[in-house]
Amino acid sequence: MIIEPRMRGFICLTSHPKGCEQNVKNQIEYIKSKGPIEGAKKVLVIGASTGFGLASRITSAFGSDAATIGVFFEKPSAEGKTATPGWYNSAAFESEAHKAGLYAKSINGDAFSNEVKRETLDLIKADLGQVDLVIYSLASPVRTNPKTGVTHRSVLKPIGQTYTNKTVDFHTGKVSEVSIAPANEEDIVNTVEVMGGDDWAMWIEALKNENLLADGATTIAYSYIGPELTEAVYRKGTIGRAKDDLEATAFTITDSLKSIGGRAYVSVNKALVTQSSSAIPVVPLYISLLYKVMKEKGIHEGCIEQIHRLFKDRLYAETILTDEKGRIRIDDWEMREDVQAEVAKLWLETTTETLPAIGDLEGYRNDFLNLFGFELGGIDYKAEANEMVQVESIK
Ligand code: NAD
Ligand code: NA
């Protein structure tokens, strides 16, 4: 069938298999062009199908020749319905990895569940023996805690008082004011349950208990801080509480890995257009101003550039630089004083009329459509595409 983008609110209901494949190939080419990284050889990526997780899988495989197991939650295609982009990305990744002679298998299911953890442990045991790097890159609005059976939903709300600021509908370009009422205690607990460190710790404990972590194994999860502009709704809001918890969990995991000399890290990454971040109010406007400023300064990066720099200059550098809280920072360019000062100035000037000139709304939209495999160079979108992509190594 001929596949076109079909939007509903912040999401796109369709995705293009050829475009997703092209996205993956572009990221692979980028990593190959940068030369090898002395990194891990057996890697588990939890949240491996899109965004930072996919970039981490590609960097491991094509930068360090690593065998990878990917865990994700995606929908395969059905009669007349396309798969989710993460499904096509993973199919493309696996086929490229296999062509390059690299081991790659995936498990499609709920990473929060005991069943998917069990399946993953068994696969590692059978095929790899142990892993030496575990990337934790889940972004989800909901988690059923397997210990309690309770389903928690995360929310994006400020804490303490109502937050009012500008926001943009990036489809129409309309700038308006949004007010978000403060969270209650339950909202905070729920968000920490979903996006905090509990599940990360459960994964590492399960792996360690079955001796599936190699000596000196490393695990890393991704966090965000961001500017003062979004602080009340992001870092000091409900999601920020979850990130505080995730960051604290790195220390308890490191303690638990003492006997094998393992370490847990959190890396603070740059704000980027992903399916998760486009759903956060105010953030898309911030990102469109940020992109404009960073592109003008020649320091713009996407997921693959960020993760390449994380691996090359931090994780597998001679010494791992961290901030005063023990976090790796690859949001260093985003947070530069000159960058933030310019964004803050543009923010005040932003209206529906000024935004097309002072912000990179085009870049935002383009990146958003790219996530679903649209608007990529080299793809004939008028041609029939076979949406029924099957891959044997995805369970
Ligand atoms: P994403 O939406 O692109 O990726 C999420 C991944 O999690 C996908 O592979 C998805 O399949 C998987 N997933 C979701 N629910 C799952 C479940 N129940 N079981 C198994 N897999 C599941 O998100 P992203 O933006 O790459 O975010 C990854 C991490 O990076 C998050 O912790 C996020 O907070 C952090 N981060 C994001 C940004 C940003 O601007 N996007 C910036 C800094 C840090
Ligand atoms: Na991810």
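Among contacts in the chain between residues at least 6 apart in sequence, 77% link residues at least 24 apart, a contact being a pair of residues whose C-beta atoms, placed from the backbone, lie within 7 Å. The structure is a predicted model, in which local features need pLDDT of at least 70 and side-chain atom pairs count only at pLDDT 80 or more, whereas totals for chains, interfaces and linings use all residues. Residues are numbered from 1 along each chain as its sequence is written, and chains are lettered from A and ligands numbered from 1 in the order in which they are written.

The chain contains 13 helices and 13 strands, assigned as DSSP runs (helices H or I, at least four residues; strands E, at least two) and numbered from the N terminus. Its radius of gyration is 20 Å, close to the 21 Å given by the globule rule for 395 residues, so the chain is as compact as a globular protein of that length; the radius is taken over C-alpha atoms, and the rule is 2.2 Å times the number of residues to the power 0.38. The C-alpha trace spans about 60 × 50 × 45 Å along its principal axes. Of the 395 residues, 47% count as buried (20 or more other C-beta atoms within 10 Å of the residue's own; exposed, 12 or fewer; partly exposed in between; C-beta atoms placed from the backbone).

An unreviewed UniProt entry annotates residues 81-316 as "domain: Trans-2-enoyl-CoA reductase catalytic". Over residues 81-316 the chain is 44% helix and 20% strand.

L348 lies in helix α11 (residues 337-349) and counts as exposed because it has 7 C-beta neighbours inside 10 Å. L348 and K166, 182 residues apart in sequence, are separated by 9.3 Å in space, C-alpha to C-alpha.

Methods. Two residues are in contact if their C-beta atoms, placed from the backbone, lie within 7 Å. UniProt positions are given in the numbering used here, feature names are shortened, and annotations may be inferred rather than shown by experiment.
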